[in-house]
Amino acid sequence: MKFKYKPAGDSAILMDCGNGMNEETNKRLVHLADLIETKEKEGFGEVIIGYQSVLVQYDPLRLTYNQAVDKLTSLEKEADTGSCQERRLVEIPVLYGGEHGPDLERVAQHNGLSIEEVITIHSQSRYLVYFLGFTPGYPFMGGMPKEIATPRLESPRFSIPPGSVAIAKEQTGIYPVPSPGGWNLIGNTPLRLYSPEENNPFLLNAGDRVIFKAIQIEEYNFIKAQVEKGMYQMETRNEQIGMR
Amino acid sequence: MFEIIKPGLFTTIQDLGRSGYQKFGMAVSGSADHYAHRMANILVGNRQSAAVLEVTLLGLRMKALADHVIAVTGGDLAFKINGALAPMWTSLKVKKGDMIDFTHCQSGCRAYMSIAGGVAVPKVLGSRSTDTIGKIGGIEGRPLQKGDVLPVEKQLLHRFQGIRRRLPASFIPKYENTIHVRIVPGPQESAFTKEAMDGFLSSSYTVSKDIDRMACRLEGPTIEHVEGADITSEGIFTGAIQVPRNGQPIVFLVGRQSIGGYTKIGGVITVDQPKLAQAKPGDRITFEKVTIDEAHALLKEQEKTFSVLTAVCMDKG
């Protein structure tokens, strides 16, 4: 993978590979970001992964732009020869429809499907968390089947409740904190994507795989009670992914 | 300790920001104007990063519940002690029962009040800064409210504790209504026509009513794209000048989100970012292009000033 280096103000560099949004690119970007964070602590700051880029902060009091680019270029080569990585598979329980998913019917109607078919399609796919952004812990996910793609609402809602699972165009998302938005709400997860009081406040991470599991109201309430007491243990497993 | 009598328009507790969490979608937060923040702390003998109050435009009134040393820097918001105008950019002693007011905006947009010792709210994810989106830091992750009490860290006393300080005039910024900032082009300058870039650099833009800690939104001549304003979403940075479809620039400040999907024509250089934090609705902004090396030289010069002032004010004896 070949990167273009572009200045992002006077203390950050955008490494842009121009490959567009795809899983192979994401795998490499996650690996590269990890290398920068672990191997180049001197003079470098935060790293933010995008669909086809990594934004890297550097300290201009310690590195010139060219020195920073040189160091990143050598890491880029190292990232290319990366070996096997593990990827986490996270199961997210969702109560579809009802008061928590007021737009489920709209999604069904728009695509000429039944409500049950929408739930089946949404919960039987595997999604990739490309990166987090927008609000704390919000996952930018890919992999939603086109059969349930639905345009945004005409008028956005003022506040979407946390845990809402939503669809806009060909994307699906989960809202960690109350936010305005025009996405179609199809359900709600009892899990918290953002718990600032925890040692690890974020449920998901860039590079995670996500599957949704349809649950009923009793199970939803049961899990929610455990989550509120900090006693819920999320279902995850690790999968090996090769680097070509 | 201080008690908030009237919270004002938008008053928050801020340090120099929360680092390491942007990749999880958190804002960096921290004071919008790092220069005024750091000077306020130096004047009362604090570490530069100590938590201070960021006061926006007007309306804050609070009462000292104990004797303290404070300093107010940044925008001139008619800072008063017991109803009389008090000097800014100077360390001052306030007594238990004194009333502090910020009544109206005379220049700039945000004032910073440091308290010797620093505001002692707990650190959350490594910082005391208030993040109103993540709802953490400061007091319950929200702007201050009537009745809030500001805890203050006990200051380590040094030999010359009682000696007051002021900042020499040459280090005090003037907050004019026309603000000139320098930028480094990129990362998407090629998404704009040459005419668009030239027009952007030779026009002036008006600060819209819609300002907050996330961004300074500007109105003025449309900046034309070559092909379109959308890019695949990528990380954004403080000072980034984003130009969405309507061609009207938005400059990101410390409260911004971490990811954006629109072209950026350039980034405001670090030493000029405080000027944008002091821009208020109706102010005019002009932009000038500099090289990265020039930006770095200016930053080094500024940091030298900070080291000298810190050394003078911190008695290491």
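This is a predicted model: local features need pLDDT of at least 70, side-chain atom pairs count only at pLDDT 80 or more; totals for chains, interfaces and linings use all residues.
Buried area is the accessible area, taken with a 1.4 Å probe, that two parts lose on being put together, summed over both. Domain 1 of chain A spans 4-81, and domain 2 of chain A spans 86-241. Between them, about 910 Å² is buried. Carbon and sulfur atoms give 59% of that area.

Next, the residues behind this area. On the side of domain 1 of chain A, A:E23, A:N26 and A:Y51 lose the most area to domain 2 of chain A. Together they account for 55% of what that side buries.

The C-alpha centres of the two domains of chain A lie 30 Å apart. The contact draws nine residues from domain 1 of chain A and twelve residues from domain 2 of chain A.

Now the polar side of the interface. Three residue pairs are in polar contact between domain 1 and domain 2 of chain A, with both residues at pLDDT 80 or more. One salt bridge is found across the interface. The side chains of A:E23 and A:R209 meet in a salt bridge, at 2.7 Å from N to O. A:E23 is also one of the residues that lose the most area on the domain 1 side.

Which helix gives the most to the side of domain 1 of chain A that touches domain 2 of chain A? Helix α1 of chain A, residues 23-39, does, with four residues. By class, this side of domain 1 of chain A has four nonpolar, three polar and two charged residues.

Key:
Residues are numbered from 1 along each chain as its sequence is written. Chains are lettered from A and ligands numbered from 1 in the order in which they are written. Side-chain values use heavy atoms; hydrogens and water are left out. Domain bounds come from an automatic or database domain assignment. Contact means heavy atoms within 4.5 Å. A salt bridge is a side-chain nitrogen of Lys or Arg within 4 Å of a carboxyl oxygen of Asp or Glu. A polar contact is a pair of N or O atoms within 3.5 Å; within protein, one must be able to donate a hydrogen and the other to accept it, and residues adjacent in sequence count only if both atoms are side-chain atoms. Helices (H or I, at least four residues) and strands (E, at least two) are DSSP runs, numbered from the N terminus. Ala, Val, Leu, Ile, Met, Phe, Trp, Tyr, Cys and Pro count as nonpolar, Asp, Glu, Lys and Arg as charged, and the others, Gly among them, as polar.
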